[in-house]
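Biologist: I'm new to this one. Could you walk me through it, one question at a time?

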Amino acid sequence: MTNNITLSAIAEILKQRNKILLICHVRPDGDTLASAFALKSALEDMGKTILCTSSDRVADRLSFLCDDTV
């Protein structure tokens, strides 16, 4: 089973919501964290409330990429 969604559909969903949860994958790497926090920053600039999280602790060497929400 495949569910395909377009970028414009994702953008519409993000525009409609005021509170958004961004979830990073298991053992988040630098690319994941930087992308999540860039998106978080952009959405906050639009007045959205954003929480970034991951099931795994961020590696100490990558903690500079995060704020205290992961």
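Biologist: Of the contacts in the chain with a separation of 6 or more, what percentage comes from residues 24 or more positions apart?

Modeller: Keep in mind that we're looking at a predicted model. Here we take the contacts with a separation of 6 or more and ask what share belongs to residues 24 or more positions apart. That share is 66%.

Biologist: And what pattern does the chain follow along the sequence?

Modeller: The secondary structure comes to two helices and two strands. The C-alpha atoms fill a box of roughly 35 × 35 × 15 Å along the principal axes. Read along the sequence, the pattern is α-β-α-β.

Biologist: In which sense do E1 and E2 pair, parallel or antiparallel?

Modeller: There are six bridges between E1 and E2. As one example of bridge partners, Ile23 goes with Thr53 in E2. The sense of the E1 and E2 pairing is parallel.

Biologist: Is the β-α-β crossover right-handed or left-handed?

Modeller: Start on strand E1, residues 19–24. From E1 the chain crosses through H2 to E2. That β-α-β crossover is right-handed.

Biologist: Let's talk charges. How many salt bridges does the count come to?

Modeller: Let's go through them. Glu12 forms one with Lys15, Lys40 forms one with Glu44, and Arg57 forms one with Asp60. Both Arg57 and Asp60 are exposed. The count comes to three.

Biologist: How far apart are the closest N and O atoms of Glu12 and Lys15?

Modeller: Glu12 and Lys15 are three residues apart in helix H1 (residues 7–16), so about one helical turn separates them. Glu12 is partly exposed, at 39% relative accessibility. The closest N and O atoms in this salt bridge are 3.6 Å apart.

Biologist: What is the nearest side chain of opposite charge to Lys48?

Modeller: Lys48 is found in the loop between H2 and strand E2 (49–54). Its relative accessible area is 8%, so it falls under the 20% cut-off for buried. Lys48 has no salt bridge, as the nearest side chain of opposite charge is 9.6 Å away. That side chain belongs to Glu12.

Biologist: Then which backbone oxygen does the side chain of Lys48 reach at 2.7 Å?

Modeller: One backbone oxygen, that of Leu14, lies 3.3 Å from a polar atom of the Lys48 side chain. Leaving aside neighbours within four places in sequence, Lys48 is also in contact with residues including Lys15, Gln16, Asn18, Ile20 and Leu43. The backbone oxygen reached at 2.7 Å is that of Arg17.

Biologist: How far apart are the C-alpha atoms of Lys48 and Arg17?

Modeller: Along the chain, Lys48 and Arg17 are 31 residues apart. The separation of their C-alpha atoms is 7.6 Å.

Biologist: One last thing: which residue has its backbone nitrogen 3.2 Å from a polar atom of the side chain of Ser54?

Modeller: Ser54 is found in strand E2. At 13% relative accessibility, Ser54 counts as buried, and across the chain 24% of the 70 residues do. The backbone nitrogen 3.2 Å from a polar atom of its side chain belongs to Asp56.

Conventions:
Residues numbered from 1 in each chain as written. Predicted model: local features only at pLDDT ≥ 70, side-chain atom pairs only at ≥ 80, totals over all residues. Heavy atoms only, no water. Salt bridge = Lys/Arg side-chain N within 4 Å of Asp/Glu carboxyl O. Helix = DSSP H or I, 4+ residues; strand = E, 2+ residues; numbered from the N terminus. Buried < 20%, exposed > 50% of the residue type's maximum accessible area, 1.4 Å probe, protein only. Lys, Arg positive; Asp, Glu negative; His and termini not counted. Polar contact = N/O pair within 3.5 Å; in protein donor to acceptor, adjacent residues only side chain to side chain. Contact = heavy atoms within 4.5 Å. Pairing = 2+ DSSP bridges. Right-handed = clockwise from strand over helix to strand, strands pointing away.
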